[in-house]
Amino acid sequence: MFTLRSFAVALLICFAASITFSAITKAEDEAQMKKDIKTMTGDFICVLPMDKDGNVKAVIASGDCSGYAPHVHVFREAGTANVFSIEATPEKLHELEISPNKKGVTLAGRVAGSTRGWILYVE
Ligand SMILES: [Zn+2]
C-alpha cells in the first residue's frame, strides 16, 4: 500500500542517490581536467603595438614586460610550429609578465581551439 511515509522515504533515497551521483560526476570531471592539463616548454612572446597603422611586433622580452604599452602574449612551443594564444587569470598573467625568464619556459594548462588556432589556458 502506497503511503505518504513510503513516498517520503523514496524521495529521500532519490535525493541521497542524486547527491552521490553528482559527487562521483564532479570527481570524474576533476580527474578528466587533470588529465587534460598539458605541460609544454617554449617561448613566452609579447605582441607589441608599434604604430598607429596597426603594425605589431613579436618579441621575446629579456625581462619584466609589464612596463611596456598594454599588449597581448602568445606561446610558441619549442621544436614545433605551434603558437598558442594565452589565456590566464589576471594574477597568473602578471606573474608571467614580471618573470625574468621568457625563453624556454614551461607552462601547464589546457589546450582548446582547433587547427585554425590554439588557445592555452594556463593554470
Ligand atoms: Zn609581454
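I will talk about one hairpin in this predicted model, and about a lysine that sits in it, Lys57.

Let me begin with the chain as a whole, for orientation. The protein chain contains two helices and six strands, and, read from the N terminus on, its elements follow the order α-β-β-β-β-α-β-β. Of its 123 residues, 11% count as buried, and if we take the contacts in the protein chain with a separation of 6 or more, 60% of them are accounted for by residues 24 or more positions apart.

Now to the hairpin, which is formed by β1 and β2 with six residues between them. Strand β1 covers residues 37-49 and strand β2 covers residues 56-59, and the two run antiparallel, joined by four bridges. In the turn we find Gly54, whose phi is positive, at about 100°.

That brings me to Lys57, which lies in strand β2 and is the bridge partner of Leu48. If we leave aside the neighbours within four places in sequence, Lys57 is in contact with Leu48 and Met50.

Is Lys57, then, buried or exposed? Lys57 counts as exposed because 11 other C-beta atoms lie within 10 Å, where the cut-off for exposed is 12 or fewer.

Conventions: Residues numbered from 1 in each chain as written. Predicted model: local features only at pLDDT ≥ 70, side-chain atom pairs only at ≥ 80, totals over all residues. Pairing = 2+ DSSP bridges. Buried ≥ 20, exposed ≤ 12 C-beta atoms within 10 Å, placed from the backbone. Contact = placed C-beta atoms within 7 Å.
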